[in-house]
Amino acid sequence: FRRHPVEIAQSIVTLDRITNGRTALGIGAGEVMNLAPFGIEYKKPLQRSKEAIEVIKMLWTSTPENPANYDGEIFSLKNAYLQIMPIQSPHPPVYVGAAGPKTRELTGAIAEGWVPVAVESPTTLAKHILDIERGARMKNRSLDSFDVAVTVYTDVSSNKEEAYNRVAPTVKLMLIQQREVLRELTGISVPQELSLQFLDPTDPRTAEKIREIADSIPRRVVEEVSAIGPPDDCIAKLEKFLRAGATSIIICNLGVEQERVFRTYAEKIIPYLKNEY
């Protein structure tokens, strides 16, 4: 919403050249917290996302000899091209941050990767991947090389109680914002205005409402969506995500000793996962 797709396309293709083909685009439908304070209307996010991704991809493959033309509801192109081509062929991969069934369907239909927004459990991940598959079938797309990159909140520690206490506040907040997962795991319903898409941080009542719901979230749910405790416990949880359909893991390190946690992943956890998967 805050950047035109032509600007995004130009920036990413430039980065692809600079990094010798190691760039990917992560994009989402937007949310009120990043728009309302700036006077930007949150309007038709799904349609806007679809058209933006289509425009970006067309520009990445356009040339003066084969310019792009596009006539959408929101965006349009007329004999357009960028004066630079990506190194990756046909273009850098597009990852969509999707937190709802319609956005996940769009992701399966149009993107190369999915980043589940906020949180997932292995159980909800396996269920939500069905939306990705449905979107792919609608466009007769293969998902053989599609990347499911799940964010896992973690703290590696011999003291699991301390690890839980460090991870729980952030995870509970993410569960509230990703209310679909929270409802599926607990039956707790979160009003739309507290969801990731519609949360308004300028409302003074927001923090109080979030705190009330956070207090009602059981510990088992926090543990279900995070990887905490000794290295073997973290490995076991990450394997559950991989068996549920994840192909990449995004580590959100919430440990107080972040360097030590990263080193544990580098020296113990990642080598095991690379060997096994």
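Where does P90 lie? P90 sits in the loop between strand 3 (76-80) and strand 4 (94-98). Helices (H or I, at least four residues) and strands (E, at least two) are DSSP runs, numbered from the N terminus. This is a predicted model, where local features need pLDDT of at least 70, side-chain atom pairs count only at pLDDT 80 or more, and totals for chains, interfaces and linings use all residues. Residues are numbered from 1 along each chain as its sequence is written, and side-chain values use heavy atoms, leaving out hydrogens and water.

**Backbone and loops**

- A cis peptide bond joins S89 and P90, with omega at about 0°.
- K44 has a phi near 50°, a positive value in a residue other than glycine.
- K44 is in the loop between strand 1 (25-28) and helix 2 (45-60).
- K44 is partly exposed, at a relative accessible area of 43%. Here buried means under 20% relative accessible area, exposed over 50%, and partly exposed in between (1.4 Å probe, protein chains only).
- A118 also has a positive phi, near 70°, and is not glycine.
- A118 lies in the loop between strand 5 (113-116) and helix 4. A118 counts as buried, at 10% relative accessibility.
- S158 is in the loop between strand 6 (147-156) and helix 5 (160-177). S158 is exposed, with a relative accessible area of 75%.
- S158 and V55 are 103 residues apart in sequence and 49 Å apart in space, C-alpha to C-alpha.

**Nonpolar cores**

- A nonpolar core is a set of buried Ala, Val, Leu, Ile, Met, Phe, Trp, Tyr and Cys residues joined through side-chain atoms within 4.5 Å.
- The largest nonpolar core has 45 residues, and W60 and L125 have the most contacts inside it.
- Apart from that core lies another, of 29 residues, including V167, M174, L185 and I228.
- Not counting residues up to four places away in sequence, L125 touches W114, P116, E120, V148, V150, F241, A244, G245 and A246. Contact means heavy atoms within 4.5 Å.

**Helix packing**

- Two packed helices are described by the angle between their axes and the distance between the axes.
- Axes are lines fitted to C-alpha atoms, for helices over the stretch in contact, and angles run from 0 to 180 degrees between N-to-C directions.
- Helix 4 (residues 122-138) and helix 9 (residues 231-244) pack at about 15°, with axes 8 Å apart. They are therefore roughly parallel. Angles under 35 degrees count as roughly parallel, over 145 as roughly antiparallel, 65 to 115 as roughly perpendicular, and the rest as oblique.
- In this pair, P122, L125, A126 and I129 of helix 4 meet K237, K240, F241 and A244 of helix 9.
- Helix 9 and helix 10 (residues 258-276) cross at roughly 45°, and their axes come within 10 Å. Helix 9 and helix 10 are therefore oblique to each other.
- Helix 4 and helix 6 (residues 179-186) pack at about 120°, with axes 10 Å apart. That makes helix 4 oblique to helix 6.

**Cysteines**

- The count of disulfides is 0 (a disulfide is a pair of cysteine sulfur atoms within 2.5 Å).
- C234 is in no disulfide, and the nearest cysteine sulfur, that of C252, is 13 Å away.
- C234 is buried, with a relative accessible area of 0%. C252 is partly exposed, at 24%.
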